[in-house]
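Here's a quick briefing to read alongside the model. Have a look at the sequence and the fold, then work through the notes on charged pairs and nonpolar packing.

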Amino acid sequence: IPPNLDILWVPGLRRKQQIVTLPNPAAKTDKDPKSLRFSVISLVVDLKQAGLTMRPIWSNPSGMLGTSSLRAMAEQWKAIAAINGGFFNRDRQLPVGPLKVNNRWMAGPVLTRGAIGWNNKGEVFVDRLNFTEELVTAEKKPIKLSNLNSGYVQKGLARYTPAWGDKYIPLTDNEILITVQSEKVVSQLKGGTAGQGQIPIPSNGYILVARQVPELVALLKPNVQIKGRTLFKPAEFGKYPNIMGAGPLLLKNGSVVIDTKLEQFRPPFDKQGASR
């Protein structure tokens, strides 16, 4: 186990490495270790330090597709320090958690899991984020969306904006691809095999991807006017321009609040440990 370290990287930013010892909750016999020792590495950031800012970064500045090492991302974005955060699908190389940068949603969450929001004033908010998007047609019929710019694929109507990239390539077979520009449905196109073909994402709109929901496709024919809105709880998240999420949420206001069932972590991930 490496030694404890506390390095002042730059004013307002420390790199800490420490050995933590905690009781072993799984100890049931005398042969089981009564305590667990592990190394924790953290960045301690003073968001009120002049000249120091914190923001989310990711692999591909031109879109959401792609993964790379933490070092490569830090060098690409010219960050003086970086630490892992957020979730992604390593097979699809796409995000599966919330990412909001400078008030722009790059990707939305798909489950109610832990998230952190912050601003340039040094204010921080931590809680479980419940995020949904809705479309409303001229007939005032609300349509709930399943995902925003996400590699988490499920039945429903997902939305892909220019933050995703300049094109969308089908993630599943037989999707219905609906192009929206200036709050109006422009066209519908039936996709083929997953990973085959592509459709451009308009700079003044987005693509709706329908997966096994023909009843929603029928409501979104060409020339239909629609408006969108974003809903989230707690409402406090709305004041923060930067948000990143993963889970499970461990601490809130100094109290342990872990609840793997609530955040839908399934066995064995609800019991295992991993480097963070």
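In what follows, buried means under 20% relative accessible area, exposed means over 50%, and partly exposed is anything in between (1.4 Å probe, protein chains only). This is a predicted model, so to speak of local features pLDDT has to be at least 70, and side-chain atom pairs count only at pLDDT 80 or more, while totals for chains, interfaces and linings use all residues. Numbering starts from 1 along each chain as its sequence is written, and side-chain values use heavy atoms, with hydrogens and water left out.

**Salt bridges**

- The structure holds 9 salt bridges, each being a side-chain nitrogen of Lys or Arg within 4 Å of a carboxyl oxygen of Asp or Glu.
- One of them pairs Arg14 with Asp6, with 2.8 Å between the closest N and O atoms. Arg14 is partly exposed at 32% relative accessibility, and Asp6 is partly exposed too, at 44%.
- Arg71 and Glu75 make another, at 3.8 Å from N to O. They sit 4 residues apart in helix α1 (residues 70-76), which puts about one helical turn between them. Helices here are DSSP runs of H or I with at least four residues, strands are runs of E with at least two, and both are numbered from the N terminus.
- Glu134 counts as buried at 17% relative accessibility, whereas Arg229 is partly exposed at 44%.

**Nonpolar cores**

- In soluble globular proteins, nonpolar side chains tend to be buried together.
- A nonpolar core here is a set of buried Ala, Val, Leu, Ile, Met, Phe, Trp, Tyr and Cys residues joined through side-chain atoms within 4.5 Å.
- The largest core has 21 residues, and the ones touching the most other members are Met64, Leu99, Met106, Tyr160, Trp164 and Tyr168. Strands β6 (99-101), β7 (104-107), β12 (156-160) and β17 (205-211) each supply at least two residues of this core.
- Setting aside neighbours within four places in sequence, Trp164 is in contact (heavy atoms within 4.5 Å) with Gly63, Met64, Leu94, Pro95, Asn149, Ser150, Gly151 and Ile201.
- There's also a second, separate core of 16 residues, including Leu145, Tyr206, Ala210 and Leu220.
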